[in-house]
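Could you walk me through this protein, beginning with the overall picture and then moving to one part of the fold? I am new to this structure and would like a friendly tour.

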Amino acid sequence: MAYFAVFVTELDNSKKEQYFEDHMKYLDDLRAQGTIIANGKFADGSLGLILFRGGSQAEVEELLARSPFAVHGVREFKVHEWVAKWGNET
């Protein structure tokens, strides 16, 4: 199992309100399955971050391509495999 950091940037903010609830439900479902570890926006509003757990980068990219925000061109998702070190690891 690998970890992935996904940077979220704006493509067309005019459609955000129209697809926001569907997008958040999609992320909530992935979080409930344990696929998403955390997600949120940066306090300065510049972009967002989603932390995934998955089998491959292609798997994460496929999941993101199904997001209502991706389908409707609201946001762009850039996926990076993340070699994470967690607190209290020896």
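**A guided tour of the fold**

Let's begin with how the chain meets itself: among contacts between residues at least 6 apart in sequence, 69% join residues at least 24 apart. Please keep in mind that this is a predicted model.

How does the overall size fit? For 90 residues, a compact globule would have a radius of gyration near 12 Å, and the value here is 13 Å, so the two agree. Along the principal axes, the C-alpha atoms fill a box of roughly 45 × 25 × 20 Å.

Of the 90 residues, 31% count as buried. The protein exposes about 5900 Å², and carbon and sulfur atoms supply 50% of that area. As for charge, there are 10 positive and 14 negative charges, and their mean positions lie 2 Å apart.

Strand E2 covers residues 36-41 and strand E3 covers residues 48-54; the two pair in the antiparallel sense over five bridges. Within this pairing, glycine 40 stands opposite leucine 49 in E3. Together E2 and E3 form a hairpin, with six residues between them. In the turn you will find glycine 45, which has a positive phi of about 75°.

Note on methods
Residues are numbered from 1 along each chain as its sequence is written. This is a predicted model: local features need pLDDT of at least 70, side-chain atom pairs count only at pLDDT 80 or more; totals for chains, interfaces and linings use all residues. Side-chain values use heavy atoms; hydrogens and water are left out. Two strands pair if DSSP finds at least two bridges between them. Helices (H or I, at least four residues) and strands (E, at least two) are DSSP runs, numbered from the N terminus. The radius of gyration is taken over C-alpha atoms; the globule rule is 2.2 Å times the number of residues to the power 0.38. Buried means under 20% relative accessible area, exposed over 50%, partly exposed in between (1.4 Å probe, protein chains only). Contact means heavy atoms within 4.5 Å. Accessible areas come from the Shrake-Rupley method with a 1.4 Å probe; for residues, only the protein chains shown count as cover. Lys and Arg count as positive and Asp and Glu as negative; His and the chain ends are not counted. The place of a charge is taken as NZ of Lys, CZ of Arg, CG of Asp or CD of Glu.
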